[in-house]
Amino acid sequence: MSHLASFDWSAILPFVAIGFAAQLVDGALGMAFGVVCNVLLVGILGLPPARSSANIHIVEVFTTAASGISHALAGNIDRKLFLRLLLPGIIGGVTGAYVLINLDGDVVKPYILGYLVAIGVYLLARGILFPPKAAKPKVVEPLALVGGFLDAVGGGGWGPVVTSNLLVQGVEPRRVIGTVSAVEFFLTITVSATFIYHLGMEAFALATVGLIVGGVAAAPFGAVIAKRVSTRVLLILVGVVLIATSGYGFVRAMM
């Protein structure tokens, strides 16, 4: 951090823009920060995948904190749902982090992405064809356990897995998005700490600082969007983002 003064701040602007765009999507829809960042960093800016992943994991500690606070201030968090997601999500995340040390997450990645594309199609059709009805979630703890595990193993997946499945169960979108985003902060800290303990701490890089600045700046806007946009529109947007990001990842994984 002592080298921040020597940074080329003009070079940091693309990373600020990417962090802002990714967090705007994630804060509004409860998913896709890592996916959007990864696509733009690797596909557009040409960063090596390993460096991109390391930057994203560090950045998410800051962006999820800002997003959780923003959603709390906007009144988007369901406290009961938060508590039901928290502990199983952390357990799944820590377990996934340990497993990833000895397992290639790419083996199961195509199956996960294919499943998320199918969920995206369902949510898109539901948002367009069927008026959404509010309902209490029946499956929460197992969903959080699986979501936390897949997030650690696959380098992302907490938002797409947990948010999409809670929406399928009929929970109010803004409550789902706010609550899942708030829990993700604790999940990210736990998973990051587990990786750092076993693999060591990556030094802060120019990309990391830019992503943090952009992501934290966008967090309040995402929370406002989630609160003000209608349930039907949010379902459609979540479906589109799931299909686009997971479909892109599925095609890359199969190549």
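A cavity is a set of grid points where a 1.4 Å probe fits but cannot get out. The legends below describe close-up views of a predicted model.

**Figure 1. The second largest cavity and its lining.** Two cavities of 30 Å³ or more are counted in the structure. The second largest cavity, shown here, has a volume of about 40 Å³. Its lining consists of H57, E60, D151, T188, V191 and S192. The largest share, three residues, comes from α8.

Figure 2. E184 is found in helix α8. Is E184 buried or exposed? With a relative accessible area of 7%, E184 is buried, because a residue under 20% is classed in that way. When neighbours within four places in sequence are left aside, E184 is in contact with D26, E60, T64 and W158. One of these partners, E60, also belongs to the lining of the second largest cavity.

**Figure 3. W158 and the largest nonpolar core.** In soluble globular proteins, nonpolar side chains tend to be buried together. The largest nonpolar core of this model has 44 residues, of which C37, L85, W158 and L166 touch the most other members. Helix α8 gives the most to this core, with seven residues. Which residues is W158 in contact with, leaving aside its neighbours within four places in sequence? The contacts of W158 are L85, G89, A144, G147, G148, D151, T163, V180, V183, E184 and L187. L85, in this list of contacts, is likewise among the core residues that touch the most other members.

Figure 4. A pair of aromatic rings is described by the distance of the centres and the angle of the planes. Three aromatic pairs are found in a search of the whole structure. In one of them, F82 and F186 are arranged edge-to-face, at 5.9 Å centre to centre and with 75° between the planes. Since F82 lies in helix α4 (residues 79-102) and F186 in helix α8 (residues 173-199), this pair ties together parts that are 104 residues apart in sequence. F82 is buried, with a relative accessible area of 16%, whereas F186 is partly exposed, with a value of 36%. F186 also forms an edge-to-face pair with F185, at 5.1 Å centre to centre and with 70° between the planes. Together, F82, F185 and F186 form one aromatic cluster.

**Figure 5. The second largest pocket.** This pocket has a volume of about 210 Å³. Ten residues line the second largest pocket, and the closest to its centre are D78, K80, L81, K136 and P137. Which helix provides the largest share of the lining of this pocket? The largest share, three residues, comes from α4. The lining residues of the pocket divide into four nonpolar, no polar and six charged.

Conventions:
Residues are numbered from 1 along each chain as its sequence is written. This is a predicted model: local features need pLDDT of at least 70, side-chain atom pairs count only at pLDDT 80 or more; totals for chains, interfaces and linings use all residues. Side-chain values use heavy atoms; hydrogens and water are left out. Rings of Phe, Tyr and Trp (its six-membered ring) pair if their centres lie within 6.5 Å; planes under 30 degrees apart count as stacked, over 60 as edge-to-face and the rest as tilted. Helices (H or I, at least four residues) and strands (E, at least two) are DSSP runs, numbered from the N terminus. Buried means under 20% relative accessible area, exposed over 50%, partly exposed in between (1.4 Å probe, protein chains only). Contact means heavy atoms within 4.5 Å. On a 1 Å grid over the protein atoms alone, a cavity is a set of points where a 1.4 Å probe fits but cannot get out, and a pocket is an open set with protein on both sides within 12 Å along at least five of seven lines; lining residues have an atom within 4 Å of a point. Grid points are joined across faces, edges and corners, and a volume is the space filled by probe spheres set on the points. A nonpolar core is a set of buried Ala, Val, Leu, Ile, Met, Phe, Trp, Tyr and Cys residues joined through side-chain atoms within 4.5 Å. Ala, Val, Leu, Ile, Met, Phe, Trp, Tyr, Cys and Pro count as nonpolar, Asp, Glu, Lys and Arg as charged, and the others, Gly among them, as polar.
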